[in-house]
Each structure stands twice: as structure tokens, then as C-alpha cells.
Amino acid sequence: MTEFFIFLDFLNIYINSNFNLSIIIFFIFLLIYNILSIPGNLIFAASAGYFFGIYIGFIISISSIVLGSLIFFMASKLFLKKFFPNIYNKYSLKINKYIFNSSFEYLILFRIIPGTPLIVQNLCLSLIKINPIKFTLTSFLGLSPIIFIAVYFGSKIKSIE
């Protein structure tokens, strides 16, 4: 357990002495992590709050998750259309028929509800006919509350320490 705290002290010293480089490295790591849509993103959002504070931690976390999700969304949409066109068209038509009139609200609600893994959310959203701008905006609005809570929690752990 003491090794963990020694490691945290080492990271804090490195971040304080190389602040801008640390932000860039952390952002690139989170971006790749979110492009792959690996579970456990809230732990890294809390880490961003711990190491960089509420404001910078939130900006790093939300921008990396939105940009990473957008890249995954575009790639999976292309992949599904190219390699599974029959399945893509079948499910895409069914889903779009239900959410045609109020897709903006449904997309924000879909992102706000916690528990669904990011990869499942991004795969489901790749079946919907939405443009990348709408995807980015709804992802930002829907994911902001949970990311902010995680970053805030991480920053409060730092202040307790």
C-alpha cells in the first residue's frame, strides 16, 4: 500500500514539474483509451480530477471521451456498412423509425443513463442515421454530468489527502 502512495507522490512531482507535457500525455492516453471504448473511463476521469483539478481535468476527460467516441462511431459505422450491409440496413431502419421525430432528446438520454458500457453505446449509435456534429453535441451534453461528477470526486480525494 505504501508503494501506491509513493507512486502517487512521484506522479504528482512529475506533473507539477512538467504540467503541459503531462496534460498532453494524459489526453493522448485517454483519447486512445476511448477510441478503443475500453470500460473503466470513470476511473481515469477521477484521476484527471486528482492530478489536474476540476476544470482542466474535466476539459481533458470530456474532450477525450467525445473525440474518442466520435472516431469509434465513424469507424464502426463504416465497418458495419461495408462488411454487414444487410444487418446494418435492417436494424438501422428499425431504430430510425422509432426515434425519427425526437432523436436529439433520445440521444442525450441514452448518453446520460449510466451503466451501459461505452462500446455498446457507440455501436448502437452507429446504427442511427445522425451526422457527426449532432453525435458530438449530444455526446458532450449527455456525458458531461457523469464525467463532471467523477472529476469532482477525484479532486476532492486530492483535497482530503
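This is a predicted model: local features need pLDDT of at least 70, side-chain atom pairs count only at pLDDT 80 or more; totals for chains, interfaces and linings use all residues.
User: Which residues are buried in H8?

Analyst: Residues are numbered from 1 along each chain as its sequence is written, and side-chain values use heavy atoms, leaving out hydrogens and water. Buried means under 20% relative accessible area, exposed over 50% and partly exposed in between, with a 1.4 Å probe and protein chains only. In H8 the buried residues are Phe 135, Thr 138, Ser 139, Gly 142, Leu 143, Ser 144, Ile 147, Ala 150, Val 151, Gly 154 and Ser 155.

User: Which helices do the buried residues of H8 pack against?

Analyst: Helices here are DSSP runs (H or I, at least four residues; strands are E, at least two), numbered from the N terminus. Contact means heavy atoms within 4.5 Å. The partners of these buried residues are H3 (41–52), H4 (54–83), H6 (103–112) and H7 (118–126).

User: Where does H8 bend?

Analyst: H8 covers residues 132–160 and reaches 40 Å from first C-alpha to last, close to the 42 Å expected at 1.5 Å a residue; that expected span is 1.5 Å times one less than the number of residues. A bend is the angle between axes fitted to the seven residues ending at a position and the seven starting there. By that definition H8 bends by about 45°, with Pro 145 following within four residues, and the position is Ser 144.

User: Are H2 and H3 roughly parallel or antiparallel?

Analyst: Axes are lines fitted to C-alpha atoms, for helices over the stretch in contact, with angles from 0 to 180 degrees between N-to-C directions. Under 35 degrees counts as roughly parallel, over 145 as roughly antiparallel, 65 to 115 as roughly perpendicular and the rest as oblique. The axes of H2 (residues 19–35) and H3 come within 11 Å and cross at roughly 175°. So H2 and H3 are roughly antiparallel.

User: What is the relative accessibility of Ser 37?

Analyst: Ser 37 sits in the loop between H2 and H3. Its phi is near 55°, a positive value in a residue other than glycine. Ser 37 counts as buried because its relative accessibility is 3%.

User: Which residues does Ser 69 touch, not counting residues up to four places away in sequence?

Analyst: Ser 69 belongs to helix H4 and is buried, at a relative accessible area of 0%. Its listed contacts are Asn 34, Arg 111, Leu 118, Asn 122 and Phe 135.
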